[in-house]
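Thanks, everyone. I would like to walk through a few side-chain contacts and the places where they sit, so please have the sequence and the structure open.

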Amino acid sequence: AALSKVCGRKKLRKFFPHAVTLVDPLVSYLQISLNQQLILDQHQPQQQQQSSPPNNNEPPLWESISMVWSWLELLSLTPFDRRVVLREDTLPTLFQLGRSHLYQASLRDGAAT
């Protein structure tokens, strides 16, 4: 995610795998990450969150979430039969995550896109 600050997310997208079998694992990762972000937002004041450096040289969680959304955007452009590739609950989960992410969006998240 830190590379996107230097190269830009559009340049990095060409290196993402285009296999639609990755949609389910990415949605699961996104669900876990957004839940973690929600917990962090509730337990940390806004000022402390923005000024604190990442731990162990890891990117902040919101950067990872932004890159996963970008990857899912790329995969959504790939034509595939969703009944063959995706589990039954993947699309409703993805729509619910998208709605909740838009609801919780902030200036920090807008800067990531």
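Let me begin with a term: a salt bridge here is a side-chain nitrogen of Lys or Arg within 4 Å of a carboxyl oxygen of Asp or Glu. What you are looking at is a predicted model, in which local features need pLDDT of at least 70 and side-chain atom pairs count only at pLDDT 80 or more, while totals for chains, interfaces and linings use all residues. Residues are numbered from 1 along each chain as its sequence is written, and side-chain values use heavy atoms, with hydrogens and water left out.

By that rule the model has 3 salt bridges. In one of them the side chains of Asp 89 and Arg 87 meet at 3.3 Å, N to O. For accessibility, I call a residue buried under 20% relative accessible area, exposed over 50%, and partly exposed in between, with a 1.4 Å probe and protein chains only. Asp 89 is then partly exposed at 41%, and Arg 87 is partly exposed at 45%. Asp 81 forms a salt bridge with Arg 83, with their closest N and O atoms 3.4 Å apart; Asp 81 is partly exposed at 37%, whereas Arg 83 is exposed at 65%.

The salt bridge between Arg 13 and Glu 73 has an N to O distance of 3.3 Å. Arg 13 lies in helix 2 and Glu 73 in helix 5, so this pair ties together parts that are 60 residues apart in sequence. Arg 13 is buried at 15%, while Glu 73 is partly exposed at 37%.

Now to helix 5 itself, where 12 of the 16 residues are buried, so the helix is largely enclosed by the rest of the structure. Among those buried residues are Leu 61, Ile 65, Met 67 and Trp 71.

Which residue's ring does Trp 71 stack with? For aromatic pairs, rings of Phe, Tyr and Trp (its six-membered ring) must have centres within 6.5 Å, with planes under 30 degrees apart counted as stacked, over 60 as edge-to-face and the rest as tilted. The count comes to 1 aromatic pair. Phe 16 is the partner of Trp 71, with ring centres 5.2 Å apart and planes at 25°, so the pair is stacked. Phe 16 sits in the loop between helix 2 and helix 3, 55 residues from Trp 71, and both Phe 16 and Trp 71 are buried.

Notes. Helices (H or I, at least four residues) and strands (E, at least two) are DSSP runs, numbered from the N terminus.
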